[in-house]
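Q: Hi! I'm new to this one, could you walk me through it?
A: Happy to, let's bring it up.

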Amino acid sequence: MCGIVGYIGTRPAAPMLIKGLHQLEYRGYDSAGIALNHENNQPFIIYKEKGKVSNLETAVINDQPAATVGIGHTRWATHGEPSTTNAHPHLSMSGEIVIVHNGIIENYKELKEQLERKGYVFKSQTDTEVLCNLIDYVYQRNGRQLMAAVSRALYHVIGAYAIVVMECKDSSHVVCARKASPLVIGVSEDNTEYFIGSDATPMVEYTKRVVYLDDGQIADVRRGEDINLINLSDHSAADVNVKEINLDIAALSKGGYPHYMIKEIFDQPRCMRDCMRGRIVRVRDYSGNGEHYEVHLSALKNFKAKLIRARHVIIVACGTSWHAGLIGKHLIEQMCRIRVEVEYASEFRYSNPVVEKDDVVIAISQSGETADTLAAIQLAKEKGALVFGIVNGVGSSIARETDTGIYIHVGPEIGVASTKAFTGQVTVLAMLALALGNALGTITEEEYQQTCHELTVIPDKINQILEQNDRIKELSAMFADRHNALYLGRGFNYPVALEGALKLKEISYIHAEGYPAAEMKHGPLALVDEHMPIVFVATHQGQYQKIISNMQEVQSRKGRILAIVSEGDNVAGHICEHVIEIPHTLNALVPLLSVIPMQMLAYHVAVAKGLNVDMPRNLAKSVTVE
Ligand code: AGP
């Protein structure tokens, strides 16, 4: 997820673009750039810098460029590490086309090979430069008409995009288009200025009149003229619907949500789809009659032999990522019958662990910068193990240190309490276990197809749970004045109980513990009385009857129980004070659903206590020191 901006008007574009990029920095901040189109048939003026937008600002501010048309980008890398070469905007080989892009071009490799056969040479590792040269290829062969060239080029593209494109022969317009990634055009009262952005944050201070591009639309935005909006599917003219927005900048960068955390909780269905895009694919059967699912993970290509030969997997991580690792253990052991250990990276690095050279170490990290996890990786490499990264931070230290890995593609996570990264990590671990289990033949084709299909419908099921937000807010009152809480689960839901407890701890400052439900009898049951709120994750999978009896043990000691149960459960409601019903799913995938009410509960408790939900005390989003 990156941030893109554009400006066509009467004022110097550079300061407008830089200001807009600052607003969008929450979307990505590993490199940034702008391109200015100051005069017809003159080369573009391009600035690109690694790191935050402030680095770019320093480079631009001295020059005070006068151009009144330009585009800009702040990056969250997907293809190619953060660098000035991979930073946007990208220029075509002819120098006549320049582009900024937010999204992922899935078939960029095929397109790149075709363009290389036609003599195109590429400077960066990005999918975006491929699109830029594809547009240039069509442009040069169709009368150099930008709008036509962009729409024809997009016909060959598979994936998600929001793009803004300029041509140096005409400095009075830009062409923009979108599919799956957001794009907004701000319109000044007198149509003399147009502002373009991934959302309305870059334009709110200048205009409240915006046009949201729909999926599959392309627009030619020219100074002093009306927007020319076209549907890509049939090239028919589309209506330009100008809407009034009444949100301030802070609210908008949170997408209208009061906090980044709740925005990121509600982002999870889209993030999961982004995470699975191009990885869980429908393929036509050899017979040509039907279709079936396949899991495509490019990371496995070069290391498949070593991965399926592994008899021992060690997962290293910290915090929420460690909880995802515990679910990874269940997934890999059940689907691949390979022994898995899950280690706190901070303990692993100093424990002189037994790591054999055929072992595989999986390092999980949202930020990709966590010091303990990085050190654990280096130790594992010294001991000859293959190190596989599951990371959100593209180009981060951990991504660079590991031998191979998978990005979870959930976009920047700003709230310190990790939410969408957790479901992204579990989704990747499920896809990894499926791919390895299928290669090893340790899961049946039926289980493989069923689990792939279920993964693709989980985002809709998460939406069903998100609709219970108001009710979960009411239920959070059960914790507001408490000082302690217990979270209990079994099997796949035990790590979810740990994660629920961590979320409550880190943002509401209430002491909470997650425990395997059957362990209560071995000590924690002593804590239970009418003052202790207890959250049970008691969905219908695994040992349902067992957890019902664990619930009765607590109920008989007057514990106040809130249970996460499966839709239609007609037992738990008679034992608990409150139940939250979630849709049914497969045992292996239930954490992707049962964790959602946990995240929402902790969020509402912290809000009710008036705490800083996104920046809780004593914590940092990325722990780069040990
Ligand atoms: C989780 O909400 C916390 N922010 C923290 O426990 C976090 O999971 C831990 O610091 C690991 O971070 P990482 O995933 O970026 O490595």
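A: A handy definition before we start: two strands pair if DSSP finds at least two bridges between them. Also, this is a predicted model.

Q: Got it. In what sense do β20 and β21 pair, and over how many bridges?
A: Strand β20, residues 386-391, pairs with β21 in the parallel sense, over 4 bridges.

Q: Which residue in β21 is the bridge partner of I390?
A: That would be I406.

Q: And what is the strand order of the sheet?
A: The order is β18-β17-β19-β20-β21, an open sheet of 5 strands with parallel pairing. At its edges are β18 (339-344) and β21 (404-407), each pairing on one side only. On average, neighbouring strands are turned by 20° against each other, direction ignored.

Q: Which strands does helix α13 touch?
A: Helix α13, residues 371-382, packs on the sheet and touches β17 (312-317), β19 (360-365) and β20. The direction of α13 makes about 165° with that of β19.

Q: Switching to the ligand: how many residues surround it?
A: There are 14, and the closest are S321, S365, Q366, T370 and E506. By type, the shell divides into 4 nonpolar, 8 polar and 2 charged residues.

Q: How far is a ligand oxygen from a polar backbone atom of Q366?
A: That distance is 2.6 Å. For S418, a ligand oxygen is 2.7 Å from a polar backbone atom, and for T320 the value is 3.0 Å.

Q: How much of the ligand does the protein bury?
A: Taken alone, the ligand exposes 410 Å², and the protein buries 92% of that.

Q: Which element gives the largest share of the shell?
A: That's α11, with 3 residues.

Key
Residues are numbered from 1 along each chain as its sequence is written. This is a predicted model: local features need pLDDT of at least 70, side-chain atom pairs count only at pLDDT 80 or more; totals for chains, interfaces and linings use all residues. Side-chain values use heavy atoms; hydrogens and water are left out. Helices (H or I, at least four residues) and strands (E, at least two) are DSSP runs, numbered from the N terminus. Axes are lines fitted to C-alpha atoms, for helices over the stretch in contact, and angles run from 0 to 180 degrees between N-to-C directions. Contact means heavy atoms within 4.5 Å. A residue is near a molecule or strand if one of its heavy atoms lies within 4 Å of it. A polar contact is a pair of N or O atoms within 3.5 Å; within protein, one must be able to donate a hydrogen and the other to accept it, and residues adjacent in sequence count only if both atoms are side-chain atoms. Accessible areas come from the Shrake-Rupley method with a 1.4 Å probe; for residues, only the protein chains shown count as cover. Ala, Val, Leu, Ile, Met, Phe, Trp, Tyr, Cys and Pro count as nonpolar, Asp, Glu, Lys and Arg as charged, and the others, Gly among them, as polar.
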